[in-house]
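Open the model in your viewer and keep the sequence panel beside it. The tour goes from the whole chain to single residues.

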Amino acid sequence: MTAVGRAVLDPATGRAVDHVPDTSGPGVADAVARAASAFHDGWADTSPTHRSGHLRELAALLREEREAFAALEQRNTGKPTARAVGEVEFAAQAVDWFAAAARYPVGETYPAGPGTRTYTDRVPVGVCAAIAPNNYPLLLAVWKIAAALAYGNTMVVKPAPETPLSTRRLVERAAEVLPDGVLTAVYGGADTGRLLCDHPAVGMVSFTGSTAAGREVARRCADGLKPVSLELGGKSPVVVFRDADLDEAARAVVTAFTGNTGQVCVAGTRLIVDRAVHAEFVGRVAELAAGLRVGLPEDPATDLGPLISRAAVDRAAEMVAEAEVRGAKVIVPPGRAGLRHELGDGFFVNPVVLDGPPYDSRAWREEIFAPVLSVAAFDTDAEALALAHDTAYGLSASVWTSDAHRAEHFGRALRAGMVWVNTWGDTEETVSVSGLGQSGYGRELGIHAVEGYTRPRAVWVAHRARG
């Protein structure tokens, strides 16, 4: 029998593990209609306590079925087991956070004359659409879903076409703890996303993905004056001074550019290192990276699983080759020929350090989404800051130094939505995050997420007695 639908591949083997049909135009309209009906028929008017209870049930479901969700995430993305399990737990923590946040006070009361009360409050947007990426399919979808539902909205979620499996399971299982239509899903690629952006009943769109795709989302939503939340690409700098704890910094740099096999929007893929320790530090980073094991996701010893697709491997290899031709020193683990790692038919790659790529090369300027680190040396603080800012992106940045004044200066001066000083990658569900520049706008997580999923109102109530 011929499989129906878009093939979903296991990136560790290159073989199809499922087929998920793209949602048709009428199917998208039906999902939105169900969400709109659920919103108007009661979800928006439920008490915060009621919504909080539903979300706590959803968090409990994620934890009870953690292994099943992690197995789907592993099969669909190639994540090592421990990473997949950890992401399911982080998703549950985010749901718990928004279950609590649903009951937090909002609004203010203003001084008014006798017989009048003046206050502000926040009301839900209505039907929200979430368009999730392929690098953290479950986790980032849940961030959006939990926030939207906590504040009284309903949600239609579209996972990336490469990674629909965990989201599909989430929506199916959530039907047991949420009222009908509160959470629905549609599937497919850019065409399905366009249908969501264009639908008049969709009140806002939350998108995580590439900057190019984010621009299209913003343009399409502008026609309907729909607010959008955009968490887009990055080309994040890690600045290391000679007075830093170089061993700790080197470990952080390796984690920053190889974590999730480099498929992280905040990945620290530009190392900007003090020239006085340049050779020594790059050597440490290369040695640590070479010690990482590329392997099958189910192997407990695996550090780096595959990239999401063959096209992703090809794109990264092209950038490395271009940088090498233009003079960059390419450092790969001993015994390996280059970026590509031959392991069966999967989409595996080696970690690569590019020392000295030209500043106009693709490797220095573009988001690669692979474990590739570009290195530049600096002589002065001003030069280090200029190199850090040599990008259109502004998602994250990290600086390493033992000088308190320098740490404070760079902590204030770095233009990025997330700044880490003598650390890298810290993220908590209680802290709102966002990007600057071409990395987007809108807040995920934390107390400021309410701003994207609600609208403020000013209310005047006259209650003076009438004669």
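Accessible areas here come from the Shrake-Rupley method with a 1.4 Å probe, and for residues only the protein chains shown count as cover. On that basis the protein chain has an accessible surface of about 19300 Å², with 53% of it belonging to carbon and sulfur atoms.

Two notes before you select anything. This is a predicted model: local features need pLDDT of at least 70, side-chain atom pairs count only at pLDDT 80 or more, and totals for chains, interfaces and linings use all residues. Residues are numbered from 1 along each chain as its sequence is written, and side-chain values use heavy atoms, with hydrogens and water left out.

**Whole chain**

Show the cartoon. The protein chain has 15 helices and 20 strands. These are DSSP runs numbered from the N terminus: helices are H or I with at least four residues, strands are E with at least two. The radius of gyration, taken over C-alpha atoms, is 24 Å. Of the 467 residues, 56% count as buried. Buried means under 20% relative accessible area, exposed over 50%, partly exposed in between (1.4 Å probe, protein chains only).

Two strands pair if DSSP finds at least two bridges between them.

Zoom in on strand 5 (residues 127-131) and strand 6 (residues 154-158). They run parallel, joined by 5 bridges. A129 has V156 in strand 6 as its bridge partner.

Contact means heavy atoms within 4.5 Å.

**Helix 7**

Which residues of helix 7 (residues 190-198) are buried? They are T192, G193, L196 and C197. They cover an arc of only 140° around the axis, which puts them on the same side of helix 7. The arc is that of the directions from the helix axis to the C-beta atoms. These buried residues pack against helix 1 (25-40), strand 5, strand 6, strand 8 and helix 8 (211-223).

**Strand 17**

Move to strand 17 (residues 418-421). M418 and W420 make up its covered face, V419 and V421 its uncovered one. Strand 16 (residues 396-400) runs parallel to strand 17, with 4 bridges joining them. V399 has V421 as its bridge partner.

**Two single residues**

Select L436, in strand 18 (residues 436-437). L436 is partly exposed, at 41% relative accessible area. Leaving aside neighbours within four places in sequence, L436 is in contact with Y393, G394, R415, A416 and G417.

Finish on Q74, in helix 3 (residues 66-77). Is Q74 buried or exposed? Q74 counts as buried, at 16% relative accessibility.

Methods
Rg over C-alpha atoms; globule rule 2.2 N^0.38 Å.
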